[in-house]
Amino acid sequence: MASSFNINKEDLAFILKQIKIAENTSIGYTAAPVSIKQSIMNTYGFSAADAAIAPYGLRTVDGTYNNLLSESTKSLGAADTLFPRLTTPVYLNELDEAAFNGITNTNYATAGSVIDSDPRTISNLIVDMSVNNPAEIAAFLSNSLSVAYYMDTHNGAAPTALNLTNADLKVLPNQSPDIGLSPGFNSWMTFFGQFFDHGLDLVTKGNNGTVYVPLQPDDPLYVVGGQTNFMALTRANPTYVNGVAQYENTTTAFVDQNQTYTSNASHQVFLREYAKNGSVTVSTGRLLDGAVAGTIGNWGEVKAQAITMLGLKMNDFDVNNAPLLATDQYGKFIPAANGFAQVTVQVQILNSAGLVIGSLGGPFLMSGVAGGLDLANLAVPSGLPALPAGQTYKTVTVGTGHAFLNDIAHHAAPGRWDSNGDHVINNLDAFQVADAD
C-alpha cells in the first residue's frame with residue numbers, strides 16, 4: 001500500500017542529532033558523559049532553562065530524566081515509582097459478604113486477603129445484554145434510536161420493560177449518553193483498553209494476600225456442587241506514605257508502547273536483536289523477531305540469543321525477573337573485555353536449611369562467557385571468609401523486578417510449589433518445572 005510518509009535529508013539530520021545528544025550522556029558511548037540537559041545545551045547553545053523544556057534528545061527506557069525542569073522532577077512518569085494520588089483514598093466497608101474459605105475480611109483498608117463478590121457482579125451486569133439485566137432494559141428504553149427501531153418492527157407498538165425480548169436488546173445502538181451528540185465507541189476504545197490493562201495494571205503484587213471473588217448461583221461459570229465457585233486475584237503490595245497506602249507502577253507513565261520496548265534498560269537488552277562484528281556483539285537496531293516471519297521473538301528465542309550474543313544462559317525461572325545487567329540508560333549493554341554482557345550478582349549466606357540469612361558485601365558484576373554463563377549455577381568467588389559450621393555461600397543474580405512475561409496462568413508460571421505441605425512457599429520448597437507440553 002502506498003504511503004504518504006516520507007523522510008528527507010533534513011529529517012535524517014535531525015534524528016542523527018538527537019542520537020548524538022543521547023550518546024554524549026551514555027557511559028556506553030563516551031568515557032565522560034554529561035547530563036541530558038547539558039548535552040542539549042551543548043548541541044543547540046540553549047540556556048539551562050530553555051534546554052529543560054526543549055523537545056530534544058532521546059527518552060530513557062525507564063522514563064527517568066524525561067522531565068528536566070529540576071532534579072525533583074527527574075522521576076516524574078518514570079517506571080518503578082508510586083502512582084500519584086489526586087485524593088486521599090476512602091475505603092467503604094460494605095459488610096455485605098459472608099465468610100468464604102475462612103476469610104471474613106471485607107475491608108480493602110485492611111492488609112491481607114479480602115472477600116468481595118462485587119467485581120464479578122459488576123462485570124456480569126455490564127456484559128449482560130439480556131432481559132435479565134434491568135440496566136440493559138433501561139438503556140434500551142432511554143435510547144431514541146432503539147425505541148424507533150422497535151416501533152418500526154412492531155407495527156408502531158411502543159416498547160416496555162415487559163414486552164422486550166433478548167432479540168430486541170441486541171440492536172441497542174452504539175450511541176453516546178448525550179443522545180448521540182458525541183461519537184459512539186470505536187476502535188480507539190479497544191486501544192485504550194489494551195493500554196489500560198497492559199500498561200497501567202503492572203503494579204507490584206504477591207505479598208499482600210488475595211482478593212477472593214465468590215461466584216453467584218446465576219453466574220455463567222457457577223457449577224452446582226462445585227468446589228471452585230470463586231475467582232482469585234493477587235492484591236497489590238502497598239507502600240505506606242504518611243500512613244496512606246500507595247502502589248508502585250513498574251511501567252513508565254508515558255503512552256509510548258513501553259509494553260513493547262520495556263520500562264527497564266536491562267530488560268530491553270534481552271529483547272534487542274544482535275549480530276556479531278567479529279567477536280563483538282552489536283545491536284542491529286531492531287527488536288528480536290521470531291523464527292516465523294512477522295512474529296516477535298518468543299521466550300525460547302530470547303533465551304537462545306542471550307546465550308550466543310550476550311553470553312548468558314537463563315532458565316525458565318528467569319521469566320519472572322529479568323537479570324540486572326550493566327547498561328546505559330537507553331538499553332545498550334556495557335560489554336566486558338570479552339565482548340559479552342555483564343550481569344549483576346550477589347553472594348548470599350545460607351543456613352543449614354538452605355534459607356538466606358545474609359549477604360556478603362555489595363553486588364558485583366560477572367561477565368558472560370562463550371556458551372553462556374549459567375545464571376542458575378554461578379560459582380562462588382574464591383578467597384571469601386570462612387563461615388560457621390552449617391552455613392554456605394551461594395552466588396545469585398540480582399533481578400530488575402521486571403518480568404519477561406506477565407499474566408501467565410498460575411499453573412503454568414515457573415516458581416516454587418508447596419512441596420512439603422506447610423502452606424508456606426519459601427526456599428525449602430521444590431521448583432515446579434515445565435510439563436511435557
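Helices (H or I, at least four residues) and strands (E, at least two) are DSSP runs, numbered from the N terminus. On that basis the protein has 11 helices and 15 strands. This is a predicted model, in which local features need pLDDT of at least 70 and side-chain atom pairs count only at pLDDT 80 or more, while totals for chains, interfaces and linings use all residues. Residues are numbered from 1 along each chain as its sequence is written, and side-chain values use heavy atoms, with hydrogens and water left out.

**Overall**

- Along the principal axes, the C-alpha atoms of the protein fill a box of roughly 85 × 65 × 50 Å.
- Of the 437 residues in the protein, 32% are buried; buried means under 20% relative accessible area, exposed over 50%, and partly exposed in between (1.4 Å probe, protein chains only).
- Among contacts (heavy atoms within 4.5 Å) with a separation of 6 or more, 56% are between residues 24 or more positions apart.

- Gln18, Ile21 and Ala22 are the buried residues given for H1.
- Seen down the axis of H1, the buried residues fall within an arc of 100 degrees, so they line one face of the helix; the arc is that of the directions from the helix axis to the C-beta atoms.
- An α-helix has 3.6 residues a turn, so residues three or four places apart point the same way.
- Lys9 and Leu12 are exposed on the other side of H1.
- Helix H2 (36–44) is included in what covers the buried residues of H1.
- Asparagine 8 caps the N-terminal end of H1, with a side-chain oxygen 3.1 Å from the backbone nitrogen of glutamate 10. A polar contact is a pair of N or O atoms within 3.5 Å; within protein, one must be able to donate a hydrogen and the other to accept it, and residues adjacent in sequence count only if both atoms are side-chain atoms.
- Threonine 25 lies in the loop between H1 and H2 and is buried, with a relative accessible area of 5%.
- A polar atom of the threonine 25 side chain lies 2.7 Å from the backbone oxygen of alanine 22.
- Not counting residues up to four places away in sequence, threonine 25 touches several residues, including Pro33, Ile36, Gln329 and Tyr330.

**Sheet S1-S6-S5**

- 3 strands form this open sheet in the order S1-S6-S5, with antiparallel pairing; two strands pair if DSSP finds at least two bridges between them.
- Strand S1 (81–82) and strand S5 (238–241) are the edge strands, and each pairs on one side only.
- S1 is joined to strand S6 (residues 244–249) by 2 bridges, and threonine 81 stands opposite asparagine 249 in S6.
- Threonine 239 is in strand S5 and is partly exposed at 38% relative accessibility.
- Leaving aside neighbours within four places in sequence, threonine 239 is in contact with Leu82, Val244, Ala245 and Gln246.

**Sheet S11-S10-S13**

- 3 strands form an open antiparallel sheet in the order S11-S10-S13.
- Strand S11 (356–367) and strand S13 (392–397) each have a single partner strand, so one side of each is left without a neighbour in the sheet.
- Strand S10 (residues 342–350) is joined to S13 by 6 bridges, and valine 345 has threonine 397 in S13 as its bridge partner.
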